[in-house]
Amino acid sequence: MRVVDLRSDTLTRPTPAMSQAMAEAEVGDDVFGEDPTVNKLEAMAAERMGKETALFVASGTMGNLVSLLAHCGRGEEIILGSLSHTFFFEQGGSAAVGGIHPRTVANQPDGTLPLAEIEAAIRADNVHFPITRLIVLENTHNLCSGYPLGIDYMRAVGDIARRHDLKIHVDGARFFNAAVALDVPPDQLAAEADSVSFCLSKGLAAPVGSVVCGDRDFIARARRARKVVGGGMRQAGVLAAAGIVALTEMVDRLVDDHVNARKLAEGLAEMPGLSIDLSRIKSNIVFFELTRAGMTVEQLVKMLDNEGARMLPVGVGRIRAVTHYHITAEDIDYTLGVVSRVLKY
Ligand code: TLP
């Protein structure tokens, strides 16, 4: 049976060019700093983000964890969104591993944290309080429909951070989706961030890996943190080789994923029993709600699955579909056919 799998862009498999680059990669021991392919990927990533240097890590979760460990000490506090991946989906790793205290601010539907609330969350100098060190933003924002945070918003947060001597970390798992959606160069979008972590293994289709970018001192601390969490990889050039292809060949095509997401959303909007706000479709993530009585989200997802269209139930009454490299415009037509058939049962 034909299966169109929209559960996540993490499902992407390496392209033929990636497989070839991996097979032919020149490698060395990266813990010794001697893997030329890792070094090349890190240099390319830093250049794209307009940062001094970079660090190749195993995953987005590891990228965020080592960044937080590099920015903060035990008992220090980060301000982050109540719906952020770092708060929601990373096992509270920065608290569990680093003793870093999370202070959440409610995300707005567009993924932002209200500026006044960020400011209000910053601790005064008082013996009772933890010390605020870092603001964590997410771009694009996964649980907020893949919304991109724009340059103006970044500048406003940058201004707060400067005034209070705080750092900014961006969980940019889908940072290139944000840059493409906003049509801005990634380095400009990253300009206010002290560190940005982006994933090679989501829409960019590499099999493994993320890259953390920042200044040399920060990356030196992140490198130590990576080692203590067991992320010192050896001949990691076989993975970095795919990452280089991802950065070279897979960024510009993200626009196709955004077009397909919109096409899917417009089709779903026509169907009775579903509710979707089309104004919220900005990148490759589509959230919609089931409004039809007598059917649960889990039942709907199961029926879709049986008919060859896979999506993910996320939160109460919500379903997520994510477009990516393996999803064509024709797959969207097929998916819409499946949804409409299933809803008629
Ligand atoms: N997100 C995954 C799941 O964990 C939910 C997905 O399918 O979307 N930051 C953001 C914004 C993410 O969306 C993810 C993964 C991560 C970090 C973590 O990346 P990995 O899975 O590489 O550790």
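Here's a quick briefing on the ligand site, the overall fold and a couple of backbone details in this structure. Keep in mind that this is a predicted model. The ligand sits in the largest pocket, with 14 residues around it. The protein itself has 14 helices and 13 strands.

**Who surrounds the ligand**

- Of the 14 residues in the shell, the closest are S8, G60, T61, D171 and R174.
- Sorted by class, the shell holds seven polar residues, six charged ones and one nonpolar one.
- Helix α3, running over residues 60-71, supplies the largest share of that shell, with three residues.

**Polar contacts and burial**

- S8 puts a polar side-chain atom 2.7 Å from an oxygen atom of the ligand.
- For R174, a polar side-chain atom lies 2.8 Å from a ligand oxygen.
- How much of the ligand does the protein bury? On its own the ligand exposes 510 Å², and the protein buries 81% of that.

**Overall fold**

- As for secondary structure, count 14 helices and 13 strands in the protein.
- The radius of gyration is 20 Å, close to the 20 Å that the globule rule gives for 345 residues, so the protein is as compact as a globular protein of that length.
- Along the principal axes, the C-alpha trace spans about 60 × 55 × 35 Å.

**Backbone spots to look at**

- Which residues does a cis peptide bond join? N139 and T140 are the pair, and omega there is about -5 degrees.
- T140 belongs to the loop between β5 (131-138) and α7 (151-164).
- D165 has a phi near 60 degrees, which is a positive value in a residue other than glycine.
- As for where D165 is placed, look in the loop between α7 and β6 (167-172).

Terms used
Residues numbered from 1 in each chain as written. Predicted model: local features only at pLDDT ≥ 70, side-chain atom pairs only at ≥ 80, totals over all residues. Heavy atoms only, no water. Near = heavy atom within 4 Å. Polar contact = N/O pair within 3.5 Å; in protein donor to acceptor, adjacent residues only side chain to side chain. Areas by Shrake-Rupley, 256 points an atom, 1.4 Å probe, with all protein chains shown as cover. 1 Å grid on protein atoms, 1.4 Å probe; cavity = no way out; pocket = protein on both sides within 12 Å on 5 of 7 lines; lining within 4 Å. Sits in = over half its atoms within 2 Å of the grid points. Helix = DSSP H or I, 4+ residues; strand = E, 2+ residues; numbered from the N terminus. Nonpolar A, V, L, I, M, F, W, Y, C, P; charged D, E, K, R; others polar. Rg over C-alpha atoms; globule rule 2.2 N^0.38 Å.
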